[in-house]
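Please open the model in your viewer and keep the selection panel at hand.

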Amino acid sequence: MAIHVGRWDCTTCGYKGVRGPETECLNCGADRPKNVKFYMAAEEDIVQDPTVLRRARGGADWRCSFCSQNNPNAVKICKDCGNTKSDSDKQLAVKTYNTAAVPRTGDGTRDLPQNTEETPPPSSKKGCFIALGVMAVIVSVLLLFSLNSAIEVRVEGFEWKQSIQVEEKRNVQEEDWSIPSGGTIVTSFQAIHHYNQVLDHYETRTRTEQRSVGSEEYVCGKKDLGNGYFEDQYCTRTLYEDYQVEYEEPIYRQEPVYQKKYRYTVDRWFAINPIVTQDKNHSPQWGNTVNIRTNPSLREAGRKGIYTVLVKEEEIHAHEIPLSWWQKLKVGDKIKAKQGRISGHYRGLYPEEEQ
Ligand SMILES: [Zn+2]
Ligand SMILES: [Zn+2]
């Protein structure tokens, strides 16, 4: 349990590194500061003299309640004012540190509560209100710009485009584990359906493990003895060594499982070019489907139409609208459209139910 000589800094003259047990500054003669902070500056400064060791182990120094002078524990009368040591005289604090926390400089003072209360920057609350205000303004402007006025536009003309989807039947060849209905077998054969994992053999391998081989003591901290000395603190840790362990590792192989697979022909429908008709008038026509109706390898697969009305505001705008509404409209009709209340931009038609 080695004992080291600590250091302290004089706050009166600024002298650094007064030897721990000194109760007065060697430079200016001032007493140790009220909250003296002992620190470890010289690890190798170890006490060996038996008299000094007794002083170091003799307990914390005491602070005279009359004159504040620090006196060694064994001294019963204050060397400064002659006051007799009493139970009410405070002893300097004894404190244990782990190695990383051992003080290494005299910066700051010990046993003073850390001033952790940080006053928040005064602008933070104000900043919050400003941000809210800016957001409110942005939202209001966006709302204003989204407001529409209704205007009337004139129907100028119509366009339409209609398509009939067509599919063609083709006889194709496929492979699968079964033949679908309508399929005609061409051939069958054995094919790999999936793999099974099968244990093949074991292999002897080694891995590294650890075992305990005893324990050791090590210096894990220092105790500030409250009198300028520091004492090593010991902890115990387990020692380990690596060793090799043999084990059997199972080795697997992938074994294919065969099943009967079929190659067959079957009729499938494929989408081909649709029959498209379009014009710029108000009488849509579907294309000719004679071919589809007379050719058994063709079939219809749905119809769709796109119906556009052209309206004039300052310029011509084209709008796709539902067929039922499109059919009701005539050239010269007035219908309602949206215009930005602030921007004045044209924004399209109101739907039929809002006309
Ligand atoms: Zn000094
Ligand atoms: Zn005194």
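**Guided tour of the predicted model**

Begin by selecting serine 68, which counts as partly exposed because it has 14 C-beta neighbours inside 10 Å (buried means 20 or more other C-beta atoms within 10 Å of its own, exposed 12 or fewer, and partly exposed in between, with C-beta atoms placed from the backbone). The phi angle of serine 68 is near 70 degrees, a positive value in a residue other than glycine. Serine 68 lies in the loop between S4 and S5.

Before moving on, note that this is a predicted model, in which local features need pLDDT of at least 70, side-chain atom pairs count only at pLDDT 80 or more, and totals for chains, interfaces and linings use all residues. Residues are numbered from 1 along each chain as its sequence is written, while chains are lettered from A and ligands numbered from 1 in the order in which they are written.

Next, select the strands (DSSP runs of E, at least two residues, numbered from the N terminus). An open sheet of 3 strands runs in the order S5-S4-S6 with antiparallel pairing (strands pair if DSSP finds at least two bridges between them). Its edge strands, S5 (70-71) and S6 (90-91), each pair on one side only. Strand S4 (residues 62-63) joins S6 through 2 antiparallel bridges, and tryptophan 62 stands opposite glutamine 91 in S6.

Finally, select residues 109-122, where pLDDT (the predictor's confidence in each residue, from 0 to 100) stays under 50. Across the chain, the mean pLDDT is 91, and 95% of residues reach 70 or more.

Note on methods. Helices (H or I, at least four residues) and strands (E, at least two) are DSSP runs, numbered from the N terminus. Two residues are in contact if their C-beta atoms, placed from the backbone, lie within 7 Å.
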